[in-house]
Amino acid sequence: MLENFSFRTIVEYLPLFAQGLVTTVWLSAISFVGALVVGIVLCAMNLQRGWLFRAPAKAYIDAVRATPLLAQLYFLYFGLPRLGFVLPELVVGILALSLNSGAYIAEIIRAGILSIPRGQVEASVASGMTYTQRMRLVVLPQAFKVTIPPLLGQAIVLVKDSALLSLISVAELTRAGQLLASDRFMPAEGFLTIAAFYLLLYYGLKALAVLSGRWLGTAGARA
Amino acid sequence: MIWQQFLSLAGSYPLALRGLGMTIVLSLISLALGTLLGFGLGILRTGGNRLLSGVIGAWVDLIRGTPFLVQIFLIFFILPEFGIELDAFTAGIIALTNLAACFICEIVAAGIRSVPIGQVEAALASGLSRWQRMHQVVLPQAMRIVLPPLVGQYVLLIKDSSVVSAIGLTDLTRVGWLVVQRVPNGLLVFFLVGVGYFIVCYPLIMLARRLERRMGAAHGEVQL
């Protein structure tokens, strides 16, 4: 049983956990922004008529979705030096998370744009709008509303996925737990504490998703 | 140099096959157990008992809110403190089954909730028992909603199985990690690992897409 559970050790290691938590938060934030950029570019390519841009975007999205993040992470971690890019683990991790989540975000944005009824597009064409006006004034503002909740869902996934970076020894939250587990042979203290921190982030983002749904009026929009 | 690496890689194909086998066996067992458990939990979650439903909901939230890697570490390193000694394989099965059950529970619950209440009332009025109601009226209709995301979830779980390599199970990802220590060509080695997963996952992704389209078409008919 856990009768030796040592809260004192947890308190002692609290600065390490705090540091890990902060690292997890900002590296997830950067990766999410990176993933948004990747996602928007992929989605724009995927919505083109010609196959020249569409085919590579589709192939990329399928390849990412059909392989595990951990294998992608190792691919970059062991592969980039081979191409002459010797990057810090942290940068490799952020790159892997951005490239991975980007593929999912591309599909989220595409679903959002395709969810706009065709009548809207036809109406704006009839009003003599150019393609850019149509996108900027009619389609994207509506698509934006639909995509916010699933984007927050992807943010939750990304934060949890960032735990895998501990396996290439990035000093984030999970790594802090591993250190306590291996330094003091206290796996219970280490892993239960980081689980609590992850739950904190999870419930925070989940609350944000619910709130955003309420603000945007998309909560329970199931007709 | 490249040629030598190819030869060396070709030499490790028995290891690669074993890794792929491990990934498939692990996924199959956990998905089968997780589906059974997930359906059970999903039915209980939507059943009348609010306490039970709340407890299941809270557990699902705990599992959805923590990284799978942390769950594996918890099971592998902490259960022994309660006197339950586990080998890596059993720990992997437990962790993956639990994860599968939690996600599938929510999918099944959503499917059951989508069945109009009138159907249940009609079944009640026809004098069907609880089991008959679930088995003959609610579940067959819920399955149409459940099936596409269920297959999609299978893909996610097969990919999540790669995380068990962290506790030393020799699955496909771990094999890549072992081979790359000898053959220092990470691009080639993990490209091949990726191909292995792609072969398993891509057909399922295609299946999920087809189910979704068929579902969407069926839905359209009803709405029109």
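These legends accompany several close-up views of a predicted model. Residues are numbered from 1 along each chain as its sequence is written, while chains are lettered from A and ligands numbered from 1 in the order in which they are written. Because this is a predicted model, local features need pLDDT of at least 70 and side-chain atom pairs count only at pLDDT 80 or more, whereas totals for chains, interfaces and linings use all residues.

**View 1. Chain B is built from nine helices and zero strands.** Helices (H or I, at least four residues) and strands (E, at least two) are DSSP runs, numbered from the N terminus. Following the sequence, you will read the pattern α-α-α-α-α-α-α-α-α. The C-alpha trace of chain B spans about 75 × 50 × 25 Å along its principal axes. Of its 224 residues, 39% count as buried, a term for residues with 20 or more other C-beta atoms within 10 Å of their own, with C-beta atoms placed from the backbone. Contacts join residues whose C-beta atoms, placed from the backbone, lie within 7 Å. Among contacts in chain B with a separation of 6 or more, 77% come from residues 24 or more positions apart.

**View 2. Helices H5 (residues 88-113) and H7 (residues 130-160) of chain B cross at roughly 150°.** Their axes come within 8 Å; axes are lines fitted to C-alpha atoms, for helices over the stretch in contact, and angles run from 0 to 180 degrees between N-to-C directions. H5(B) and H7(B) are therefore roughly antiparallel to each other, the word for angles over 145 degrees. Look for Leu96(B), Phe103(B) and Ile107(B) among the H5(B) residues that meet H7(B), whose own contributors include Val138(B), Met143(B) and Asp160(B).

**View 3. Chain A and chain B meet through 31 residues from chain A and 32 residues from chain B.** On the side of chain A that touches chain B, helices H3 (51-65), H4 (69-79), H8 (173-183) and H9 (187-216) each supply at least two residues. H9(A) gives the most, with nine residues. Sorted by class, that side of chain A has 24 nonpolar, three polar and four charged residues.

**View 4. Residues 21-212 of chain A are listed by UniProt, in an unreviewed entry, as "domain: ABC transmembrane type-1".** Over this stretch the chain is 81% helix and 0% strand. Its end C-alpha atoms are 24 Å apart.

Methods
A residue is buried if 20 or more other C-beta atoms lie within 10 Å of its own, exposed if 12 or fewer, and partly exposed in between; C-beta atoms are placed from the backbone. Two residues are in contact if their C-beta atoms, placed from the backbone, lie within 7 Å. Ala, Val, Leu, Ile, Met, Phe, Trp, Tyr, Cys and Pro count as nonpolar, Asp, Glu, Lys and Arg as charged, and the others, Gly among them, as polar. Angles under 35 degrees count as roughly parallel, over 145 as roughly antiparallel, 65 to 115 as roughly perpendicular and the rest as oblique. UniProt positions are given in the numbering used here, feature names are shortened, and annotations may be inferred rather than shown by experiment.
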